[in-house]
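Here is a friendly note to read with the model open beside you. Take the points in order and find each residue as it comes up.

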Amino acid sequence: MKLLVADDHTLFRDALLQYIERAEPEAETLLANDLQGAFSYLEAGEKPDLILLDYRMPGMNGLKGLEKLRKSYPDFRVVMMSGVVELPEIQEAIDLGIVGYFPKTMSGKAFIKAIQLVATGEKFFSFDSEAHSLMPSYYADHEDKKYTGSNGQGSTASAEKNAELLEKLSEREKEVLSYLVNGDSNKEIANKLDLQVVTVKLHVRGICRKLGAKNRTQAALIAQENDFKQSVNS
């Protein structure tokens with residue numbers, strides 16, 4: 001996986017890079033501190049799987065920079081990040097073709113999960129499950145606000161539906177899911193639960209089928225969205 005991260009806040013870029021390197025050791029990350037820097041990589045022939053753009057960095061000029069990028073390189077998948085942005089701007093960015101919107105108020109783990117999900121071809125938009133609308137970036141990660149994935153037409157599924165699906169998991173599947181949420185590999189899960197790796201793979205496949213998830217990352221996101229907790233992690 002190759003990522004292009006364009007953000008003028010050095011501390012944020014460095015922190016995000018560390019998260020990426022821990023979660024995806026094989027990933028290649030290109031760093032830019034403004035829109036022109038991002039263009040320079042693309043003009044040089046780099047082909048990132050995902051471009052992450054900060055909404056307020058130099059060169060963006062509101063959403064004009066995003067519009068320019070989308071017109072110049074329409075085939076690249078673009079995510080917008082921001083610490084402060086209003087709902088109309090988010091909607092306009094969606095209309096311009098972004099495949100994700102990541103508020104900087106998300107936790108580092110949630111940020112990485114969202115990147116992994118979008119890298120698989122999905123879309124992710126921060127969604128307020130109570131207000132049933134996109135969530136502006138100035139919300140902090142309060143207890144009464146939750147970040148949920150969206151396929152561009154609303155949340156991945158209603159909270160009620162996801163809760164029902166989680167209840168259909170066996171106790172062993174719930175144990176495995178708890179480790180998926182932690183980001184553990186199949187081998188790590190097998191060691192912790194004293195199982196064969198092939199058995200863990202079968203459980204992961206069953207979890208994805210029951211939750212309607214396309215992959216382990218999406219299953220973990222569904223669990224996180226519903227505050228899923230299992231005693232093995234407490």
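1. Let's begin with a packing question: which elements do the buried residues of α2 pack against? They pack against β1, β2, β3 and α3. The buried residues in question are Leu35, Gly37, Ala38, Phe39 and Leu42 of α2, where buried means under 20% relative accessible area, exposed means over 50%, and partly exposed lies in between (1.4 Å probe, protein chains only). Helices (H or I, at least four residues) and strands (E, at least two) are DSSP runs, numbered from the N terminus. After α2 comes Gly45, with a positive phi near 100 degrees.

2. A word on what you are looking at. This is a predicted model, in which local features need pLDDT of at least 70 and side-chain atom pairs count only at pLDDT 80 or more, while totals for chains, interfaces and linings use all residues. Residues are numbered from 1 along each chain as its sequence is written, and side-chain values use heavy atoms, with hydrogens and water left out.

3. Now the whole chain. The protein chain has ten helices and nine strands, and 48% of its 234 residues are buried. Of the contacts (heavy atoms within 4.5 Å) between residues at least 6 apart in sequence, 64% join residues at least 24 apart.

4. The largest nonpolar core holds 25 residues, and Leu42, Ile51, Leu53, Leu66, Leu69, Val78 and Ile98 have the most contacts inside it. Such a core is a set of buried Ala, Val, Leu, Ile, Met, Phe, Trp, Tyr and Cys residues joined through side-chain atoms within 4.5 Å. At least two residues each come from β1 (2–6), β2 (28–32), α2 (35–43), β3 (50–54), α3 (64–72), β4 (78–82) and α4 (87–95). The most come from α2, which gives four. Another core lies apart from this one; it has 22 residues, including Ala110, Ile112, Leu117 and Leu221.

5. Next, look at α5. Ten of its twelve residues are buried, among them Phe111, Lys113 and Gln116. From first C-alpha to last, α5 reaches 17 Å, close to the 16 Å expected at 1.5 Å a residue; the expected span is 1.5 Å times one less than the number of residues. Just after α5, Gly121 has a positive phi of about 110 degrees.

6. The second largest pocket is lined by 17 residues, and Ala23, Lys113, Gln116, Asn182 and Gly183 lie nearest its centre. Which helix gives the most to this lining? That is α5, with four residues. The lining divides into six nonpolar, five polar and six charged residues.

7. Finally, two residues to check by eye. Most residues other than glycine have a negative phi. Asn61 is not a glycine, yet its phi is positive, about 50 degrees. Asn61 sits in the loop between β3 and α3 and is exposed, with a relative accessible area of 55%. Asp194 is not a glycine either, and has a positive phi of about 55 degrees. Asp194 is in the loop between α8 (186–193) and α9 (197–211), and is exposed at a relative accessible area of 71%.

Key: 1 Å grid on protein atoms, 1.4 Å probe; cavity = no way out; pocket = protein on both sides within 12 Å on 5 of 7 lines; lining within 4 Å. Nonpolar A, V, L, I, M, F, W, Y, C, P; charged D, E, K, R; others polar.
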